[in-house]
Amino acid sequence: MRKFWSVLTGVVCAFSVTFFPLLSHPVSASEPTVLLKAEVKKQAFHNGKLIKALDSNEVNKVMAKGLEFSGKIGEPTVAQHTFDDGSSIRVTTNVVSNPKRTKGITSPLSKERDLTASTTYTATSAVGVDLFDYHLYQDFTTNGSDITWFEKTPYSDYDTTPIINYWSIVSEGPMYTDYAKKGDGITAIANPKFKFSIWEIATVQTLSLKAELNIQPNGYYTGKWKEL
């Protein structure tokens, strides 16, 4: 997604110095360029209507049931719903090594592994371009039979594209990691509520979602995203 929009950003900047660059935390521009208007029409609309992946009413219909997932370390899973206009929403989840926590020389006899689990909600245009992502992360350490360490609270990040001219995370709480007892897994929970709008549309879209990511000591994971 970053490569596509970095190319578009470079082209648009050649026409105007007032532009909305691709950033994780973007700043709105006062007026879209001619080229950006054309790209908005291509990516955010289908047959003259706002694509359903960006329409909170349509998204809420799907997320009332939710998108579920399950998998294991190193094998990403994708749960996706494609609307009848070709746009889609999807949840991508994985567990990978966390090199930031691995310090010094690890004993070959040690069974502990430092890992990061992540689950991402993405809205995609009818022509297959990702328009925004919200990422939820959980760091933890496991020895295969128990989770021996974990961050008490998951953390998040997001990316948007120039199609989105306004973006705001209203809240993410309660946001916490649940651990019952030794041998059990952990569950990272977040309740992101965000608002966004698309160029030349006055309506501000609002999504309130609940993300649950359960991680077992053996590296298997399950979870769900649904309407809050």
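Modeller: A nonpolar core is a set of buried Ala, Val, Leu, Ile, Met, Phe, Trp, Tyr and Cys residues joined through side-chain atoms within 4.5 Å; buried means under 20% relative accessible area, exposed over 50%, and partly exposed in between (1.4 Å probe, protein chains only). This is a predicted model, in which local features need pLDDT of at least 70 and side-chain atom pairs count only at pLDDT 80 or more, while totals for chains, interfaces and linings use all residues. Residues are numbered from 1 along each chain as its sequence is written, and side-chain values use heavy atoms, with hydrogens and water left out.

Colleague: What share of the residues of the chain count as buried?

Modeller: The secondary structure comes to three helices and 15 strands, taken as DSSP runs numbered from the N terminus (helices H or I, at least four residues; strands E, at least two). The chain has 228 residues, and the buried share is 48%.

Colleague: Which residues have the most contacts inside the largest nonpolar core?

Modeller: In soluble globular proteins, nonpolar side chains tend to be buried together. The largest nonpolar core here has 48 residues. Those with the most contacts inside this core are Leu54, Tyr121 and Phe132.

Colleague: With which residues is Phe132 in contact, leaving aside its neighbours within four places in sequence?

Modeller: Contact means heavy atoms within 4.5 Å. Among contacts in the chain between residues at least 6 apart in sequence, 57% join residues at least 24 apart. For Phe132, with those neighbours left aside, the partners are Leu54, Tyr121, Thr122, Ala123, Asp159, Thr160, Ile164, Trp167, Phe194, Phe196 and Leu207.

Colleague: How many residues apart in sequence are the parts tied together by the pair of Tyr134 and Phe194?

Modeller: The whole structure holds 13 aromatic pairs, that is, rings of Phe, Tyr and Trp (its six-membered ring) with centres within 6.5 Å; planes under 30 degrees apart count as stacked, over 60 as edge-to-face and the rest as tilted. Tyr134 and Phe194 form a stacked pair, 5.9 Å centre to centre with 25 degrees between the planes. Because Tyr134 lies in strand β7 (residues 130-142) and Phe194 in strand β13 (residues 193-198), the pair ties together parts whose separation in sequence is 60 residues.

Colleague: Are Tyr134 and Phe194 buried or exposed?

Modeller: Tyr134 has a relative accessibility of 1%. Phe194 has a relative accessible area of 0%. By these values Tyr134 is buried, and Phe194 is likewise buried.

Colleague: Which residues do ring pairs link into a cluster?

Modeller: The rings of Trp167 and Phe196 have centres 6.1 Å apart and planes at 25 degrees, so this pair is stacked. Trp167 in strand β10 (residues 164-171) and Phe196 in strand β13 are 29 residues apart, and both are buried. The cluster linked by ring pairs consists of Tyr121, Phe132, Tyr134, Tyr158, Trp167, Phe194, Phe196 and Trp225.

Colleague: Which residues of helix α2 are exposed on the other side from its buried residues?

Modeller: The buried residues of helix α2 (residues 34-44) are Leu36, Glu39, Val40, Gln43 and Ala44. These cover an arc of only 105 degrees around the axis, which puts them on the same side of α2; the arc is that of the directions from the helix axis to the C-beta atoms. Exposed on the other side are Val34 and Lys41.

Colleague: What is the relative accessible area of Asn47?

Modeller: Asn47 lies in the loop between β1 (45-46) and β2 (49-50). Asn47 has a positive phi of about 55 degrees although it is not a glycine. Asn47 is exposed, with a relative accessible area of 73%.
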